[in-house]
Amino acid sequence: MPEAKPTNNDSASADEGVQIDLISGARMDGLASMEKIRLILDSVRDGKIVILEEGLSPEEESRLIEVTMSEINPDGFTGLEIETYPSTQAATKGLLDRIMGRESTKKLTVIGPANQIKTLHKDETLISALVSRK
Amino acid sequence: MCTEWKIGVYALQPSDRPDAREAREVRMGLLTNLKDSISKVTDRLFADSEPKRIGIYGPPNAGKTTLANRIAIDWAGDTVGPESHIPHETRRARRKENVTIERNNQTVTIDVVDTPGVTTKVDYKEFLDHDMEKEDAVRRSREATEGVAEAMHWLREDVDGVIYVLDSTQDPFTQVNTMLIGIIESRDLPVLIFANKTDLEDANVQQVANAFPQHETVPLSALEGNNMDEVYDKIAEYFG
Ligand SMILES: Nc1nc2c(ncn2[C@@H]2O[C@H](COP(=O)(O)OP(=O)(O)O)[C@@H](O)[C@H]2O)c(=O)[nH]1
Ligand SMILES: [Mg+2]
């Protein structure tokens, strides 16, 4: 990977280690979809690992993939690694939620730079990842 | 169509006051649902004249193009696009229109949309392993990222049903599969899971079925043409 752009003062620098941001559901609730996506992508492109307490809605995940694709470039960003527990929703989604278009999306989500995070194991109760310093 | 598009753009407005946004999101939820019900009614009314657009989704190399070509050859006498063992061969969504499938005494007309395999990462260096020059690999990866973005867009705006193709020799419990199925479910689209490559020795159809128990799984070999009768029965049943 090329040198991470040290434009941001609090970005994790290679010799210091890897920065991990745990973002609460409350903090994400205050943001619009595109603000959430921007926050995630800016952090990940800075080499940070982002852990979301409550994850994203399917719609937001879809847009996150789309925006990620538009920002991938050959000499820097290769995309992201994202892990959530496999959901066991569908059947348990409430009728009112469906009518109102609300999805229950409270699932811990880990997102990091594709070239720095590697999922070792994942099942319904455990996500194990290897993070490397770049 | 025009109003739908406007609603989409409105939802994208990035920053305004949270309370206004909340109210709008509730409104939007209602609007979207109202719009959905209207379009479902109109879909039914125009069922005979307007073919359903069926998107073929799934990870790279699952056999999406092989399947799309087989459907197109069987029912329209023509292919959709090239198949390849190199990931991201399909870098543009390709459409075969008006494929009419006859089952028993029923006919279904669909537009088959073959999409690039969805992923959250693309590294041009992976193409270098396939004997490609750097310049080619970079161009190919750029096309691949555009294709994936386009495929996500199609999924949000332009498909009426989804065939989700998986390679039965691979672990189905991947993040991309989980996310994509979640996105498809949130849009209430009819979906069939196709467990492909059953001709291979280590195919594990049961594992695929277990991964998505809420959906019907159909085993097949798109390459060998195995179990295509059931494939077409299910397509007619789900998307007719
Ligand atoms: N053995 C076997 N190989 C298949 C089958 N379907 C597709 N393939 C092969 O898998 C590779 C990827 O196929 P392709 O249709 O291009 O996959 P796509 O990326 O999902 O569009 C090609 O080498 C195909 O020949 C199948 O049913 N059995
Ligand atoms: Mg293809």
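Residues are numbered from 1 along each chain as its sequence is written, with chains lettered from A and ligands numbered from 1 in the order in which they are written. In this predicted model, local features need pLDDT of at least 70 and side-chain atom pairs count only at pLDDT 80 or more, while totals for chains, interfaces and linings use all residues; side-chain values use heavy atoms, and hydrogens and water are left out.

**View 1. Secondary structure of chains A and B.** Of the 240 residues in chain B, 45% are buried; of the 134 residues of chain A, the buried share is 46%. Buried means under 20% relative accessible area, exposed over 50%, and partly exposed in between (1.4 Å probe, protein chains only).

View 2. Ligand 1 has 17 residues around it, of which B:Asn61, B:Lys64, B:Thr65, B:Thr66 and B:Asp199 come nearest; a residue is near a molecule if one of its heavy atoms lies within 4 Å of it. Helix H3 (residues 64-76) of chain B supplies the largest share of this shell, three residues. By residue class, the shell comprises five nonpolar, eight polar and four charged residues, where Ala, Val, Leu, Ile, Met, Phe, Trp, Tyr, Cys and Pro count as nonpolar, Asp, Glu, Lys and Arg as charged, and the others, Gly among them, as polar.

**View 3. Atom pairs between ligand 1 and chain B.** An N or O atom in the side chain of B:Lys64 is 2.7 Å from an oxygen atom of ligand 1. A polar backbone atom of B:Ser84 is 3.0 Å from an oxygen atom of the ligand. On the side chain of B:Asp199, an N or O atom is 2.7 Å from a nitrogen atom of ligand 1. The protein covers 87% of the 580 Å² of accessible area that ligand 1 has on its own, as given by the Shrake-Rupley method with a 1.4 Å probe.

**View 4. The magnesium ion, ligand 2.** B:Thr65 (OG1) and B:Thr90 (OG1) coordinate the magnesium ion at 2.1 Å; donors are N, O and S atoms within 2.8 Å of the metal (3.2 Å for Na, K and Ca), and water is not among the atoms, so sites may look incomplete. B:Thr65 belongs to helix H3 of chain B and B:Thr90 to the loop between H3 and strand S2 (94-103) of chain B, so the pair ties together parts that are 25 residues apart in sequence. Both B:Thr65 and B:Thr90 are buried.

**View 5. The aromatic pair B:Trp75 and B:Tyr232.** There are two aromatic pairs over all chains, counting rings of Phe, Tyr and Trp (its six-membered ring) whose centres lie within 6.5 Å; planes under 30 degrees apart count as stacked, over 60 as edge-to-face and the rest as tilted. B:Trp75 and B:Tyr232 form an edge-to-face pair, with 5.3 Å centre to centre and 90 degrees between the planes. The pair links distant parts of the chain, 157 residues apart: B:Trp75 in helix H3 and B:Tyr232 in helix H8 (residues 228-239) of chain B. B:Trp75 counts as partly exposed because its relative accessibility is 25%, and B:Tyr232 counts as buried because its relative accessibility is 3%.

How values were computed. Polar contact = N/O pair within 3.5 Å; in protein donor to acceptor, adjacent residues only side chain to side chain. Helix = DSSP H or I, 4+ residues; strand = E, 2+ residues; numbered from the N terminus.
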